[in-house]
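Me: I'd like to learn how to read the pockets of a protein model. Could you take me through them one by one?

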Amino acid sequence: MKAIQKIAYLVIAYMDPEQLKRLTERLVKDSDVYIHINSSVDIRPFQERLAAVKGEGRAAFSRERFRIVWGGYSILKATFSMLEQAFAYKEYDRVVLLTGLDYPIKSNREIQQFFQEHADVEFVHGDTVTGEMYEHLYYYDCRDSRVLHKLFELSKNILKKCGIREKKDYVMHQGQRYRLYGITPKWALSGKGARYLLDFYHQNKRFNRYFQLMHAPDDFYVATVLLNSEFKERVETKKDIFKIIWLPEDRGAKVLSEEDEEELLQCQELYAKKFQSDTSVGLQDRLEAVFQRKQEENL
């Protein structure tokens, strides 16, 4: 029997306290959970619902809160704040980044077994984006500031009309050209990989500035750092462990319900998006019943 993995979950949330409670109840059964609530919303409903959550693991709110804006660098600041808090508490074998609208679609035992079998693998789904003509890589942006965002948008429109690119689609670090990789913001890293990432973030402020002035830097930062490092051979970019059922016509992720049960049970991913308390409770109940039945069969 391989050693039990000590798992830390970093959860970014801003809505649906009831769904967050259910997610936390599930995760904290055998793992530690660190939760960041967007500073632009009232944290009290989340605190009230999570107050009674108990488990073998630890559930803790992030000591720092940031105003997270879609496409902004602020989400990376919140993520690294939680990661630092987690490692201040103890060392982990695995660190997984989720949102409050995610939920496991495998049992805790299956998740443990998966990470035991892939103990030295860094799961960061994505590929190279340097040279792939992602337009927003060539122009500055700052979603965290309304004023700067508007100014950069105006500048971009003028430069595009003139056929001028404002910035490079790569970042320089210690005299080396780092290709950009992405484009998924979620990841599941080994303890060593997560520790390297945290240290790199704190030690390379100049490198970080490139990402502070770009659109959706969380899509690229982690993959870019790891795939330009000694961890490159450990990174699994093709196998995605996060399931999303997309709506047609680029209308975003589908809110999952009981009609999605069969697809979720048949897929290989460990977690799925998007669960909401007003739609997904029945599906979650059915999934948990399947997991419970499997556990009883294996006893």
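Reply: Gladly. The lining of the second largest pocket divides into one nonpolar, five polar and five charged residues, where Ala, Val, Leu, Ile, Met, Phe, Trp, Tyr, Cys and Pro count as nonpolar, Asp, Glu, Lys and Arg as charged, and the others, Gly among them, as polar. This is a predicted model: local features need pLDDT of at least 70, side-chain atom pairs count only at pLDDT 80 or more, and totals for chains, interfaces and linings use all residues. Residues are numbered from 1 along each chain as its sequence is written, and side-chain values use heavy atoms, without hydrogens and water.

Me: Which residues line the second largest pocket?

Reply: A pocket is an open set of points on a 1 Å grid over the protein atoms alone, where a 1.4 Å probe fits, with protein on both sides within 12 Å along at least five of seven lines; lining residues have an atom within 4 Å of a point. Here they include Arg26, Lys29, Asp30, Ser107, Phe291 and Gln295. Helix 4 (108-117) and helix 10 (281-298) each give two or more residues, helix 10 having the largest share with four.

Me: And what lies nearest the centre of the largest pocket?

Reply: Trp70, Thr99, Pro185, Asp218 and Lys273 do, out of 36 lining residues. By class, that lining has 20 nonpolar, 10 polar and six charged residues.

Me: Which strand gives the most to the lining of the largest pocket?

Reply: Strands are DSSP runs of E, at least two residues, numbered from the N terminus, while helices are runs of H or I, at least four. Strand 4 leads, with three residues.
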